[in-house]
Amino acid sequence: MIASQTSTAKIGLALAGGGPEGAIYEIGAIRALDESIEGLDMNDLHIYVGVSAGAFISSCLANNLSTAQMCRAIVKPEPGEHPFVPENFLSPAIGEWVRSGLKVPRLLAEAFWKILSHPAESSLLEPMTRLARALPVGIFKNDPIRAYLAKIFSMHGRTDNFRELRRKLVLVATDLDSGQPVRFGEPGLDHVPISKAVQASTALPGLYPPALIDGRNYVDGVLLKTVHASVALEEGVDLVLCVNPIVPVDTFRSVELGVMRRGQLVDRGLPTVLAQTFRTLVHSRMGTGLAAYETRYADRDVLVFEPRRDDYMMFFTNVFSFTKRKAVVEHAYQSTRRKLLRNRHRIEPILERHGLRLRTEILEEERDLWESVDLHGRRKSTWHVKKRLDKALAKIEALVAEQSS
C-alpha cells in the first residue's frame, strides 16, 4: 500500500461536453474518482483540459472548488456560494431573435427586387433562400454562463485570470471563420478571462451564438475533438483521466424496462434524432483518437470514464427538475464506483504505475453520496439507517452476552 499523500506523477484531467446533463454527470463521476483513488487530489493536478460543459467543470476544479462543493451546489447553495442551476445554460436569446427579425423586410425587398429585375435568372424560391439569413445564430444566450462563472471566480481568493492559477488550465474552442482549434490558457490566449473562454468553448452552433473575443468568433471545441486528451499528453503528463458523457444510447432494452413505448428514438422528434446523430459521430471520433494515442504515446496511460450505452437514467432524465438533477449526479457517482470496482484488475496496475492506489475497501462498501460530501439535514437513506441499526443491535447482543457470562 502506498502512502496517502498526493502522487508525484504528472496527472491530467480531460473533460468532454454534453450540455447541462453532461456537466451534472461529470460532477458525480469526478466525485467518485476523487474519493476512490488514493493519492489523487482533484484540485492539484498537473493540467486541466476542458471542452464545452467540461470547460465549465474543469475551470471550477482549477479554481480550487472541491468535488464535494460542486455536489452540494447541485442540491443547495452554500453560504457565499452559488447553486448550479441548469437554467443558466438555456436563457432565450431574445435580443438575437429581435435582431434577426429586423433583417426580414430588407431581405424580402432584395429578393423580390432581384426577381423583378432579372426574372430569367430568379425563381420564387429566392425569397426563402434569402430569408434563411435572418435565422438567429443561436436560440439561447450564453452570456449568463460567463456572468455566473465570473461571479464565482471573484470570490474567496479565486481568479478569472489564467495566469494567476496555480495549475495549468486549457479550455478548447473552435475559431468559426478558420475551423481551427484554439486553446485558451496557453501563451497568446491566456489574457482572455476564464469565464469568457468557457463561454466560447460551450457555444454549440445553433444553440448558442458565437462568442466574440478580440474580433474573432469562437464556438464549441467539441466540433473538432471530443475530450482533447492530446493537449494533456503534449504537456508531458504520465496519466490522463478522461470523463466523457457523450455516448450514443442503445434502446435495445428500453421497451423491456418500460423506458420507451416502441424503443424508437424517432418517436421523440427531431431534437432527439439530432442528439443521437451528434453523439454517434462524436463518440466514434473519440474511439479513433484513443487508438492513435496508444501508438503515439505508448509510454503514457489514458483512462476513460463514460456512461454505458444502455444507461437510460442518463439519457432520458430531465435535469431541469430539481429531484431529477439530484438523481443524475447520484447515478453518475454510483455507476462510476461500480465501473472502478468491476474493472479493478485492469485499473489497479495502471494507477499503481503512477503512485496511486484504488481504494477497493471504499468501493466494496455501500456509500451515500450526500453523506460523503457532508451535506447535513438530508434524510438518511434506508441502507444508512439499516447500517446504524445493525451496529446498535450488535452492541446490545454484546452487552447481553457480557451480562450472561
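Predicted model: local features only at pLDDT ≥ 70, side-chain atom pairs only at ≥ 80, totals over all residues.
Residues are numbered from 1 along each chain as its sequence is written, and side-chain values use heavy atoms, without hydrogens or water.

The protein chain has 15 helices and 12 strands (DSSP runs, H or I of at least four residues and E of at least two, numbered from the N terminus). Of its 405 residues, 48% are buried (under 20% relative accessible area, 1.4 Å probe, protein chains only). Among contacts (heavy atoms within 4.5 Å) between residues at least 6 apart in sequence, 74% join residues at least 24 apart.

Strand E10 (residues 239-243) is mostly covered, with five of its five residues buried. Leu239, Leu241 and Val243 lie on one side. Val240 and Cys242 lie on the other. E10 runs parallel to strand E1 (residues 11-15), joined by five bridges (strands pair if DSSP finds at least two bridges between them). Here Cys242 is the bridge partner of Ala14. Five bridges also join E10 to strand E11 (residues 301-305), again in parallel. Asp301 of E11 stands opposite Leu239.

Helices H1 (residues 19-36) and H3 (residues 67-75) pack at an angle of about 140°, with axes 9 Å apart (axes are lines fitted to C-alpha atoms over the stretch in contact; angles run from 0 to 180 degrees between N-to-C directions). H1 contributes Ile24, Ile27, Ile30, Arg31 and Asp34 to the contact. H3 contributes Thr67, Ala68, Met70, Cys71 and Ile74.

Key: Buried < 20%, exposed > 50% of the residue type's maximum accessible area, 1.4 Å probe, protein only.
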